[in-house]
Amino acid sequence: MTDPILSVRGLEKRYGAFIGCTDVSFDVWPGEVVAIVGESGSGKTTLLNCISGRLERSAGEIRYRMRDGRFPDLGHLSEAERRFLMRTDWGFVHQNPADGLRMRVSAGANVGERLMAVGERHYGDIRRTAGDWLSRVEIAAERIDDQPIAFSGGMRQRLQIARNLVTHPRLIFMDEPTGGLDVSVQARVLDLLRGLVTDLSLAVVIVTHDLAVARLLSQRMIVMKGGHIVEAGLTDRVLDDPRHAYTQLLVASIPES
Ligand SMILES: Nc1ncnc2c1ncn2[C@@H]1O[C@H](COP(=O)(O)OP(=O)(O)OP(=O)(O)O)[C@@H](O)[C@H]1O
């Protein structure tokens with residue numbers, strides 16, 4: 001068995017006296033998709049923001065496997081290492097594409113910008129790579145100079161995915177990546193995500209309140225309630241044989257398809 005890429009131990013986030021999440025421990029292995037599910041207010045986003053370095057934790061450990069094999073706590077990284085993770089080794093797919101894109105620069109520049117941030121300087125290479133990524137996310141080559149403001153919701157989300165993946169990250173955080181899309185558009189984006197995650201062997205931590213999304217994308221699932229993990233396990237096991245009363249309730253509330 002390989003080593004985990006991410007390890008969380010005893011994580012707690014307090015907002016003043018209020019507990020956003022507490023006593024959270026789990027590991028993520030390379031190439032594995034872990035879904036964090038739970039109803040609104042259960043602490044999913046708090047957890048995701050803490051482990052992706054967007055929110056300061058109150059207590060606990062968050063360790064990440066660097067490319068050189070070291071496994072430091074995120075709090076002990078240098079500023080340069082932190083920047084490397086944010087710009088290169090990690091991705092973050094927001095529910096609202098406008099939070100992860102620059103809406104008034106071209107689609108090609110949105111993708112190319114991440115390459116420039118890792119030192120790519122050759123304009124022709126950047127444009128070619130950006131074009132390749134647009135086609136991987138099924139955006140027509142002739143849209144490369146258009147701004148995402150002119151794109152549909154599904155296209156914007158696919159562009160955000162391309163922008164994240166162009167630097168070959170090893171770990172992607174996703175916050176309800178299909179949450180804001182129409183159902184028909186959701187299916188296409190999910191299908192695309194599933195293919196890319198498999199092809200690129202990405203490790204993913206995805207927050208969703210939609211158990212169908214968790215079923216489709218994840219191998220493992222963490223169920224949260226009131227800031228605590230109430231159940232965790234293989235996605236199929238948790239959904240087919242939920243043990244905690246709260247998970248049973250969540251599963252029972254999925255409409256029959
Ligand atoms: N900045 C904040 N200050 C105070 N309380 C907060 C803050 N952010 C979140 N909370 C509280 O922490 C709890 C967990 O919120 P969080 O957003 O993590 O839940 P969630 O499961 O992601 O819900 P949703 O799906 O609605 O985003 C909620 O009760 C929320 O009101």
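Helices (H or I, at least four residues) and strands (E, at least two) are DSSP runs, numbered from the N terminus. Two strands pair if DSSP finds at least two bridges between them. This is a predicted model: local features need pLDDT of at least 70, side-chain atom pairs count only at pLDDT 80 or more, and totals for chains, interfaces and linings use all residues. Residue numbers start from 1 along each chain, as its sequence is written.

**View 1. The hairpin of strand 1 and strand 2.** Two residues sit between the strands of this hairpin. Gly16 takes a positive phi near 60° there. Strand 1 (residues 6-15) and strand 2 (18-28) are joined by seven bridges in the antiparallel sense. Lys13 stands opposite Cys21 in strand 2.

View 2. Axes here are lines fitted to C-alpha atoms, for helices over the stretch in contact, and angles run from 0 to 180 degrees between N-to-C directions. Strand 1 and strand 4 run antiparallel, joined by five bridges. Arg9 stands opposite Glu61 in strand 4. Glu12 stands opposite Ala59 in strand 4. In a regular strand the side chains alternate between the two faces of the sheet.

View 3. Contact means that the C-beta atoms of two residues, placed from the backbone, lie within 7 Å.

**View 4. The shell around the ligand.** Which residues are around the ligand? They are Tyr15, Phe18, Gly20, Gly38, Ser40, Gly41, Ser42, Gly43, Lys44, Thr45, Thr46 and His209. A residue is near a molecule if its C-beta atom, placed from the backbone, lies within 6 Å of it. Strand 2 and helix 1 (44-51) each supply at least two residues of the shell. Helix 1 gives the largest share, three residues. The shell divides into two nonpolar, nine polar and one charged. Here Ala, Val, Leu, Ile, Met, Phe, Trp, Tyr, Cys and Pro count as nonpolar, Asp, Glu, Lys and Arg as charged, and the others, Gly among them, as polar.

View 5. The order is 5-6-7-3-8-9, with mixed pairing. Strand 5 (90-93) and strand 9 (228-234) stand at the edges with a single partner strand each, so one side of each has no neighbour in the sheet. Neighbouring strands are turned by 15° against each other on average, direction ignored. Strand 3 (residues 33-37) and strand 8 (residues 220-225) pair in the parallel sense over four bridges. Ala35 stands opposite Met221 in strand 8.

**View 6. Helix 5 across two strands.** Helix 5 (residues 153-165) lies across strand 5 and strand 6 (171-175). Helix 5 runs at about 170° to strand 5.

**View 7. The annotated span and the protein around it.** The protein has nine helices and nine strands. An unreviewed UniProt entry annotates residues 6-251 as "domain: ABC transporter". UniProt positions are given in the numbering used here, feature names are shortened, and annotations may be inferred rather than shown by experiment. The end C-alpha atoms of residues 6-251 lie 28 Å apart. This span is 38% helix and 24% strand.
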